[in-house]
Amino acid sequence: MSRILEQIGNRILVGISQAFYAAGYFWEILIETGRFIRKRQFGYGYRVLVMQILFTGVEALGVIAIISLALGVVIIVQGSSILPQFGQGKLVYAILITIITRELGPILTAFIIIARSGTAIATELGNAIVSHEIEAYISFGINPIAYLIVPRFLGVTISLVLLNLYFNLFGLLGSFLVTQFIYPLQMQEYLYNLLNTLKTQDVLSSLVKSITFGIIISTTATYYGFKVERSTTEIPQVAIKAVGRSFILCILADAMITLVYYV
Amino acid sequence: MKFKIRFASQIVGVFVIVGVLFITIVLVLMGINQRWFAKNYYFKSRFPSANGLSVGMPITFKGFTIGKITKLSLTPENTVEIDFYIQDTFYPKVYENSILQLQSNPLGLGGGLVFHQGKKPTEPIPENSFIPSLDTPEGKYLLEAKLVEIPKTEDAVTRLLGEIDPILENLNRVLISVNTLLGTVTASLEGKGPSPLAGTLRQSEKITENIASTTKSLSQSIDQLLANATGITTNLTEITSNLKEGTEVLKDPTGLVQKLLDPKGSLATFFDDNNRLFDQIEGILKEVHANLAELRQFSSFLNTTQPRILGALEEGRQAIRKGHDVLEGLRNNPFLRGGIPPKQPIPTTQKGYRMEEF
Amino acid sequence: MFEGERNGITLEAVSLFGGEIKILDSISATFPFHQCTVVMGFSGSGRSSLLKVAAGILWPDDGVVRVNGTPLAKMSEKELLEFRSQCGFAFQDAALWSNLTVYQNLLLPLQFHRRKTPIEQLDRKIRRILDEFDFQDNPQFRPAQLSAGERKLISLLRALVLEPSILFLDEPTSFLDNVTVERILRTLKSQKQEGKTLIIATHSPELTSQLADRLVVLKGGKIVEQGSFKEVVRSKNPEVIEVISEVLSEAAVYDTDILELLEDSNTE
């Protein structure tokens, strides 16, 4: 009995110390990010940032475009054929904005980024540790957090915000153009109603969500990447952990932000 | 080196700029559409109660939303003071002596806060001034002094009533003409001796009464009207048969002579009065003849007007049925707000399945 | 700061754990400046870790590392950066940055520490050092495209590119052909003559005999013997004799790549 209690106690203590460690790690990232932004560091960090946006943002654009286009078309076609039967044709705009701008836009882009970049970052950093590349940085006095983590942190967050914008661009406007072929609507009427339905809170909520998800994904992925100690077999394990944890944290954060929005 | 790697900065630059541009354009358009940058002119008003008022409630003018309520507060005198704004584009419409009216619909739908412009065009009144509401003495005074005019509003129910009105009027007119005609008939028959004719007279009186009661009851119950009209018709048939009877009596000279001689009891008088009696009889017969002609005319007129009356009744009935539908619809549809939308003929799917040939 | 004083890097009762295993067991050692210290020991005796702790790359779980008497842990960020800019570390497994080209691997430390120097000057410096060691391949290659020997050479060049006053070299000559080893030896000799501090972990009898001023003998994470080359070589301690003879003969006998690789993976 006492052994069980001891085990539970130990586990709680380990959990608490890990939470503190993670919080300290996040704090460190924030401090270094502040430094990175304040005094434009030497070219290398900037270059990593650009490449990170290229890999995380630009290369995911295709997937995002397809998903958001399809989603938008489905909502418009379904909405504008069913809703007028209840005399609620205008609800289609509210539904579009709720689904694309507020809910699915941020969370779907986050999921895609987790699958693409979360794993990539965790694997890359794990490899860098196993091959002692991190130690090589330290030996030159180059802070790995400042030069490896911060550009990824910023890159993923910026990419996520931008991809969310593109998701909206394709989901709201692209899908409208596609719908024209199947189910013609008046362009001016569509845009006017959409812009009137779109509230500042919608835009704000969407942006806050994508920024939060970006922070969660980059922090989790780099945190687990750095958890690798010495062997390459740990790398797939941490990649899986990074993905799983990112998913859970993103969904929890999503629920929390949505609740805050409605409360 | 791969194209993507070599031009990484340029590609990322375009990626970022397009994204930022998109959100900027959206925000600017939202701002313009939702009037973030336009100036609003604030005013105050007072109501006896906050019932039906709420913050954010739109203020309309001729169907346009021109402003919104921003604040409701209870004053120490227990009246409700509201703060509201008028959009800059509508500000020049705010003449002196304008008032606000809280319109409520008998069905509780489609009401709103309506702005009524002062009658005389003036410079717009300064910001933060007081615009009285119709529910306060100031507003009522302005209305009574004809400084402001409240146009007749139309909602679903008034429209419906408007549709029934001309039908009823039409019906009324027909009945009035029937009435006057019967009046002349009565006048011509008044005071004349023979019993069948007196019967005719009484019957005519009954008709007039009937018609009068019909006209009165029309405003209360249109359904009853049809029955009454049938009553009129049967009455008229009775009149006709009575008249016929009278005519037949007159046709038989012996019976008539006997009857005529009877009161005096002496034939001598018949011959001694220098044809006075005969002349009298002849005059009566002439009058009866004229009356009969008039009656014929009347019955033929009634024959022609009867379909018109029936038509008018049918129209009224349809209008009422339509009104019933509308009210039923209003009661049943919880989504409906702001009037009745144009009906869209929607083929029902149930019908489709049945009708289709397999 | 580090020049002039004939002090050095001292380790006081330093312990390092790798999970449950004690890699370094309360080691106290001195690496004087302007001298060449060679660390000897079997594979897995903790040589690489000792070098990394001394260079301040790994933080010990216990004990103090002092540079000129100042504990590393108490240095300000600026002092630590200054110390690091004076250190060059060549890793046993090269540890080149795999996502950068060979050229960028050499450029990055220069860019980081010589921010005000124009890029043309840095470029000249990199070309000169590559020429000096007769690097044949395209410097735009990635480390993965190089042979193991070339990677080690680049790792050494990366450690030298900042012209540091303290050089940590972990097996600098393994995997390399004789010509390159010859060239490295010459370079290290001239570095030593310039008064630089060399701390080398090696099997090579050549390097040891030609460069070592001092010897540190490690066994199982503990120091068996340390002192001047002559003292240690003549030590009567049977463990010391065992280590020296075995290590030297090991290198002499198994001079093949496969065994080296095996040995590499066992080092840690």
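A salt bridge is a side-chain nitrogen of Lys or Arg within 4 Å of a carboxyl oxygen of Asp or Glu. Between chain B and chain A, the count of salt bridges is zero.

The structure is a predicted model, in which local features need pLDDT of at least 70 and side-chain atom pairs count only at pLDDT 80 or more, while totals for chains, interfaces and linings use all residues. Residues are numbered from 1 along each chain as its sequence is written, and side-chain values use heavy atoms, with hydrogens and water left out.

**The interface**

The size of an interface is often given as the accessible area lost when the parts come together. Here the buried area (accessible area, with a 1.4 Å probe, that two parts lose on being put together, summed over both) is set out with the contacts (heavy atoms within 4.5 Å).

| Item | Value |
|---|---|
| Residues in contact, chain B | 22 residues |
| Residues in contact, chain A | 26 residues |
| Area buried between chain B and chain A | about 2,200 Å² |

Carbon and sulfur atoms give 76% of this buried area. In chain B, F15(B), F22(B) and N33(B) lose the most area to chain A, together 30% of what that side buries. The elements giving two or more residues to this side are α1 (3–6) and α2 (8–33) of chain B, and α2(B) provides the largest share, 17 residues. Helices are DSSP runs (H or I, at least four residues), numbered from the N terminus.

F20(A) lies in helix α1 (residues 2–38) of chain A.

Definitions and conventions: Chains lettered and ligands numbered in written order.
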